[in-house]
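Dear colleague,

Please find the structure we discussed below.

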Amino acid sequence: GPDRAAWRFASDFGYGILNYYRMAVVLRTLENMLGREANLRLYRLYLERWAYRHPAPGDFRAIVREVGGEAAHDFLVRSIERGEPPDFAVRRAGSEELSGRAVLRFDPKRGEVIKRERPKTPKRYRIEVVVENRGDFDLPAGVLCVLENGTERRFAWDGTGPWKAFEFEADSPLARAAIDPDGMYPCDRDPGNNAVVAKPRTGGM
């Protein structure tokens, strides 16, 4: 954790990653959560109280709690001291064509199922995107769906529960989908799984 003495690290590289790079990423995430004005207020207050003194890590955490509340304090403690960063992912994303498919109807007089073609209409697609919260934080996250015609659809998720499915119909298939598309959480454990290229579906999703 951040309270570990420098000489206890196996290498200078490990010390730098934990105390500089990792801390910078977590603090940038905290700024995104609080907003710019609240974040500036946090550091002003910290400076006013601790200028020319020797604050401990707990003193900074206390300021974070005072300005950002318990959620911000909890995020800071768990991210830095316990190594529990947020972890969002897109599990799957795809499209299913709805129009132009055959309709099956049972004919009671003939006692058999009859296949009838639907009349030709502009193509419609059912879009499904399933996102996951693989971490331990119930943090809100945005979901972006980009269709092949360039249209964008955005959704909001409160992050509660292990997963969430978003479905809608459109006149173009899905091209790609992403969770946290604006980089709200740069400390995400694996940002590489936050976006996927959609695959067309020929059957039920």
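The notes below begin with the chain as a whole and then turn to one strand.

Please bear in mind that this is a predicted model. The chain contains three helices and 10 strands. Along the sequence, the order of these elements is α-α-α-β-β-β-β-β-β-β-β-β-β. Of the 205 residues in the chain, 38% are buried. The accessible surface of the chain amounts to about 12,700 Å², and carbon and sulfur atoms contribute 51% of that area. Among contacts in the chain with a separation of 6 or more, 65% are between residues 24 or more positions apart.

Strand 4, which spans residues 125–133, deserves a separate description. This strand is mostly covered, with nine of its nine residues buried. In a regular strand, side chains alternate between the two faces of the sheet. In strand 4, Tyr125, Ile127, Val129, Val131 and Asn133 point one way, while Arg126, Glu128, Val130 and Glu132 point the other way.

Which strands pair with strand 4? One partner is strand 1 (residues 88–97), which pairs with strand 4 in the antiparallel sense over nine bridges. Within this pairing, glycine 94 stands opposite glutamate 128 of strand 4. Another partner is strand 7 (residues 163–170), which runs antiparallel to strand 4 and is joined to it by eight bridges. Here valine 129 stands opposite phenylalanine 166 of strand 7.

With kind regards

Notes. Residues are numbered from 1 along each chain as its sequence is written. This is a predicted model: local features need pLDDT of at least 70, side-chain atom pairs count only at pLDDT 80 or more; totals for chains, interfaces and linings use all residues. Side-chain values use heavy atoms; hydrogens and water are left out. Buried means under 20% relative accessible area, exposed over 50%, partly exposed in between (1.4 Å probe, protein chains only). Helices (H or I, at least four residues) and strands (E, at least two) are DSSP runs, numbered from the N terminus. Two strands pair if DSSP finds at least two bridges between them. Contact means heavy atoms within 4.5 Å. Accessible areas come from the Shrake-Rupley method with a 1.4 Å probe; for residues, only the protein chains shown count as cover.
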